[in-house]
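Hello,

Here is the structure I promised to pass on to you.

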Amino acid sequence: MSTKKPHGNREATPDAKAVPPQTPRPETATSAPGAPGAPSAPSAAADGAAPTVELSRRRLLGTVGAAGAAGLVVGAAGGVIGASAARGDAPAPLTTIGSTRVPFRAERAAHQAGITTPLQASGHLLAFDLAPDAGRKAAAALLRRWTRTAQDLMEGRAPAHDTAVAADAGPSSLTVTFGLGHSFFDRTGLTKQRPVQLDPLPDFSADALDPKRSNGDLWLQIGADDALVAFHALRTLQKEAAPTARLRWQMNGFNRTPGATDRPMTTRNLMGQIDGTNNPKPSDPDFDTRIFVDRDADTTWMRGGSYAVVRRIRMLLDDWEKRPRADQEKIIGRRKDTGAPLTGGDETTPMRLDANRPDGLPVIPANAHARIAAPETNQGAALLRRPFSYHDGFRDDGAPDAGLLFICWQADPLRAFTQIQRKLDRGDALSPFLRHEASGLYAVPPAPESGGYVAQPLLEG
Ligand SMILES: C=CC1=C(C)c2cc3[nH]c(cc4nc(cc5[nH]c(cc1n2)c(C)c5CCC(=O)O)C(CCC(=O)O)=C4C)c(C)c3C=C
Ligand SMILES: [Fe+2]
């Protein structure tokens with residue numbers, strides 16, 4: 001029986017902080033009005049006119065989004081048309097979404113942002129290859145540049161020579177996460193330092209992988225609750241890669257926008273399922289050991305870091321949508337409306353894997369996806385799923401080119417992703433509706449101390 005409590009993926013986590021909407025962006029003091037990054041209007045706090053507005057509970061919960069209810073400043077700001085706006089004063093912020101800031105390095109955790117951060121509405125994944133003449137020194141300079149810029153952007157600070165694409169918005173929970181692929185170590189003369197955890201993933205029978213959209217020396221994950229903020233970070237960091245690294249592939253994804261539901265809920269994927277329920281939770285006693293590299297690990301520069309497996313998984317939606325709902329629910333092992341296990345209860349009720357029907361067959365079928373993937377049937381193996389959905393138009397046959405940018409985090413990919421995917425590959429009822437089209441495995445070092453850059457101990461060690 002599953003004993004884990006569902007995590008969902010809208011739950012506040014230790015590295016997400018809601019900044020009160022009135023907190024001015026740091027550039028406020030130095031940016032001239034109208035300059036790139038300068039706010040278009042002073043905040044309510046800046047002029048001391050915090051409005052009191054009536055905010056319905058429904059709307060309030062709907063706007064909490066990624067930050068969770070804890071971060072919302074009730075009564076100080078909110079509502080579509082605040083009292084101060086009606087008086088002609090500075091308008092009140094609509095929500096806290098724009099002003100929510102995620103620290104590059106969490107106070108009590110060494111890992112980078114974008115791992116335990118709640119799902120964001122907009123995402124970009126990018127892989128770069130180092131230029132033929134770029135070695136370890138150039139790679140170090142690039143990671144230094146990228147780290148500094150990512151920190152600025154995540155704080156809501158505009159970079160030099162800014163394009164103004166994100167000028168009016170706050171940080172909007174922007175995160176930038178950096179990873180190193182298997183080939184990075186050969187390219188930089190660091191082959192001996194490459195962790196065994198980066199050994200290539202095995203082939204799986206359902207794989208139809210495109211090498212041009214797989215792997216890469218360097219990997220970036222960008223997420224934000226605003227599409228313009230996310231694009232702005234993408235473009236800024238892509239330009240900064242030159243001349244050291246060239247884009248190898250890029251994928252764009254999305255999740256539900258905070259506030260789209262009337263209360264914080266686990267998101268749905270493009271098959272319509274509630275997806276993310278039984279993720280490990282940061283409050284689980286074994287969370288850190290499962291997801292992050294041990295603080296005593298031999299690979300010292302990875303201590304507190306994690307490994308990301310990235311799979312572009314196309315969904316065969318034409319086939320899936322033809323299946324009756326009851327079949328779809330048996331394929332997953334959970335109800336489509338509530339996400340509850342087929343053995344009863346609600347979304348948070350543990351699955352009863354040993355429950356049988358009167359005819360002796362298991363209530364949650366033997367090939368149900370959730371059963372086959374569960375830690376109980378995988379020697380305790382668990383991973384943190386943090387995906388984006390994607391839709392890249394329609395294929396020549398009219399089928400949607402859509403699915404999941406499946407990203408999962410773990411301390412050891414062999415014991416987590418590979419273990420579970422091997423089992424899914426052998427007999428998962430969901431597999432006939434999926435095609436794995438691209439794959440990547442990346443070492444994601446811990447966040448640097450103040451003034452340092454990602455992977456500095458590796459590159460300067
Ligand atoms: C190798 C790991 C996994 C891949 C690949 C994967 C793909 C995939 N999954 C869904 C939809 C759902 N998955 C659910 C649960 C679930 N999936 C995995 C692993 C992989 N999924 C795990 C470890 C679990 C948790 C199992 C458990 O402990 O109960 C669910 C149920 C709800 C939930 O817990 O999130 C759904 C729905 C899709 C659509 C997909 C590929 C596109
Ligand atoms: Fe799954």
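Helix α10 gives the shell around ligand 1 its largest share, four residues. Helices and strands here are DSSP runs (H or I over at least four residues for helices, E over at least two for strands), numbered from the N terminus. Besides α10 (414-427), the elements that each supply at least two residues of this shell are β5 (306-315), α9 (369-373) and β8 (400-410). In total 27 residues surround the ligand, and the closest are Gln273, Thr277, Asn278, Ala373 and Ala374; a residue is near the ligand if its C-beta atom, placed from the backbone, lies within 6 Å of it. By class the shell has 15 nonpolar, nine polar and three charged residues.

Residues are numbered from 1 along each chain as its sequence is written, while chains are lettered from A and ligands numbered from 1 in the order in which they are written.

On confidence, the mean pLDDT of the chain (the predictor's confidence in each residue, from 0 to 100) is 84, and 81% of the residues reach 70 or more. Residues 1-85 have pLDDT below 50, though this stretch has 202 contacts in the model beyond near neighbours in sequence. Two residues are in contact if their C-beta atoms, placed from the backbone, lie within 7 Å. Where pLDDT is low, the predicted coordinates should not be read in detail. For the complex, the predictor gives an ipTM of 0.99 and a pTM of 0.85.

Now the chain as a whole. Its secondary structure comes to eleven helices and nine strands, and 48% of its 461 residues are buried. Buried stands for 20 or more other C-beta atoms within 10 Å of a residue's own, exposed for 12 or fewer, and partly exposed for anything in between, with C-beta atoms placed from the backbone. Of the contacts between residues at least 6 apart in sequence, 78% join residues at least 24 apart.

Residues 112-255 are 28% helix and 23% strand, with the end C-alpha atoms 21 Å apart. For residues 266-447 the figures are 21% helix and 23% strand, and the end C-alpha atoms lie 27 Å apart.

Helix α8 (residues 325-332) is worth a look. Which of its residues are buried? They are Gln328, Glu329, Ile331 and Ile332. Seen down the axis of α8, they fall within an arc of 155 degrees (taken from the directions from the helix axis to the C-beta atoms), so they line one face of the helix. Ala326 and Asp327 are exposed on the face turned away from that buried side. The cover over the buried residues includes α9. After α8 comes Gly333, with a positive phi near 100 degrees.

In the loop between α8 and α9 you will find Asn367, which is partly exposed, with 17 other C-beta atoms within 10 Å. Leaving aside neighbours within four places in sequence, Asn367 is in contact with Ile372, Gly427, Asp428 and Ala429.

His232 sits in helix α5 (residues 227-241) and counts as buried because it has 25 C-beta neighbours inside 10 Å. Beyond four places in sequence, His232 is in contact with Val165 and Ala166.

Finally, some backbone details. Ala242 and Pro243 are joined by a cis peptide bond, with omega about 0 degrees. The loop between α3 (136-155) and β2 (175-181) holds His161, which has a positive phi of about 55 degrees although it is not a glycine. Ser172, in the loop between α3 and β2, also has a positive phi of about 55 degrees without being a glycine. His161 is exposed, with 8 other C-beta atoms within 10 Å, whereas Ser172 is buried, with 29.

Best wishes

Key. Predicted model: local features only at pLDDT ≥ 70, side-chain atom pairs only at ≥ 80, totals over all residues. Nonpolar A, V, L, I, M, F, W, Y, C, P; charged D, E, K, R; others polar.
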